[in-house]
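My notes follow in the order in which I checked them.

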Amino acid sequence: MKKPSIETEIVHYHERGSGPVVPPITQCSLFTFDSWEDIDKAFDDPINNSIYTRGNNPSVSLVEEKIALLCHGEKAKLFSSGMGAISSAILHYVKHGDHIIAIKNVYGPTNNFLNVYLKKKCDITVTFIDGRDIKDFEDAIKENTTLIYLESPSSAIFTLQNIKKVAILAKSKGIKTIIDNTWATPIFQKPLEMGIDLEVHSCSKYIGGHSDVVAGVVIGKTEDISQIFLEEHAFLGAKLAPFEAWLLLRSLRTLKIRVLQHQENALKIANYLEKNSKVKKVSYPGLESFEQYALAKEQMTGFTGLMSFEINSNNLDDIKNFFNNLHYFKIGVSWGGHESLIYAPAISYLKEMPKEQFEGMGISLGVMRISVGLEDADDLIADFEQAFNYIK
Ligand SMILES: Cc1ncc(COP(=O)(O)O)c(C=O)c1O
């Protein structure tokens, strides 16, 4: 028989035969052994043996194997959140006094971890670049640059980096690379195949997909993941609980069909918004009008459901009325779940700075970030239709 495709391997977890169709949850904190010799042997290979659940647990390892397969990576390690995975992956590659290159629109807490925390604790410096042009990376490299951190598309304004070109450049200079691949998911983008060293995800988004799990994962070569297991994962202790891993296994079975549906809905909505006179601009890598559409088509095989658009008004009352009168788009910060969500970045910015300051950064009051869910797309469009009536 031919080697099973990844989709088949994700759905199946054991050989044909009697037994539960869904694996049980190994809900325990430790594992016992038959003898001195047996526990002694397990300690010889803590990376591949279940001894204590802070390290390994079969419910967690099973999902790690499936995610590694899906990403075409050698090994994966799950964490209790995307930030647990991201901070561990970064710490794995840097030391005191190093220099990091990161894209300027990277996820906010990642930005703070790099720019505030690592600077304060480890004297690490960061150069934030636009990243759309490979020259941005070339110009930013210093003698002590050890890491390039990507997020493509970025979850804030969806700009892309040319992953293959960055990987080639980094390798030629002995610099390590990490990419946050949460937006595209392993279904639509395979950065490890393009030469990136470590891929990270917030599994709280599409991989989880049901808005009931917070988790993260790092995928890469066995050597890197094993060291992360023994150091950052072990010392910082951000392990994923067996039940949450079991929920992720449930989610993985439908990941492909879910993201395909998110894509179909998102494309319909992006096209609708683009034609609407009350909308100034739509930012979505799946639109032909998107500035980096050609690169998006080159390095991704599809598009998910997070996008933003700008309302053609600067009247805060009108904008608030639109926002508050949507029915299906619930108000919330995360994304990638079954439910459609809306958030206005101005809510956060207005707390931190005067309106004029963030407008100077090119972000207007009317920018809306939406996560298009799995509802009927026509219902979502009808929801927008009625809410747009609040904009004069
Ligand atoms: C692009 C991106 N990366 C990472 C994270 C962090 O993931 P988590 O919330 O699971 O820690 C988020 C969360 O919103 C995100 O949007």
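Entry 1, a first pair. I found the side chains of E7 and K256 joined in a salt bridge, with N to O at 2.8 Å. By salt bridge I mean a side-chain nitrogen of Lys or Arg within 4 Å of a carboxyl oxygen of Asp or Glu. The pair links distant parts of the chain, as E7 sits in helix α1 (residues 6-11) and K256 in helix α11 (residues 255-275), 249 residues apart. Helices are DSSP runs of H or I with at least four residues, strands are runs of E with at least two, and both are numbered from the N terminus. I noted E7 as partly exposed at 39% relative accessibility, and K256 as partly exposed at 35%. Partly exposed lies between buried (under 20% relative accessible area) and exposed (over 50%), with a 1.4 Å probe and protein chains only.

The model is predicted: local features need pLDDT of at least 70, side-chain atom pairs count only at pLDDT 80 or more, and totals for chains, interfaces and linings use all residues. Residues are numbered from 1 along each chain as its sequence is written, and side-chain values use heavy atoms, without hydrogens and water.

I counted 12 salt bridges in the structure. In one of them, R250 meets D212 at 3.0 Å, N to O. R250 belongs to helix α10 (residues 242-252), while D212 is in the loop between β6 (198-202) and β7 (216-220), 38 residues apart. R250 is partly exposed at 22%, and D212 is partly exposed at 38%. I also traced a network in which salt bridges with shared partners join K104, D130, R132 and E291. Within it, K104 and D130 have their closest N and O atoms 3.7 Å apart.

I listed 13 residues around the ligand, and G82, D180, S202, S204 and K205 come nearest. A residue counts as near if one of its heavy atoms lies within 4 Å. A side-chain N or O atom of D180 is 2.6 Å from a nitrogen atom of the ligand. For oxygen atoms of the ligand, I read 2.9 Å to a side-chain N or O atom of S202 and 2.5 Å to a polar side-chain atom of S204. The protein covers 89% of the 390 Å² of accessible area that the ligand has on its own. Helix α4 (residues 82-93) gives the largest share of the shell, 3 residues.

Key:
Polar contact = N/O pair within 3.5 Å; in protein donor to acceptor, adjacent residues only side chain to side chain. Areas by Shrake-Rupley, 256 points an atom, 1.4 Å probe, with all protein chains shown as cover.
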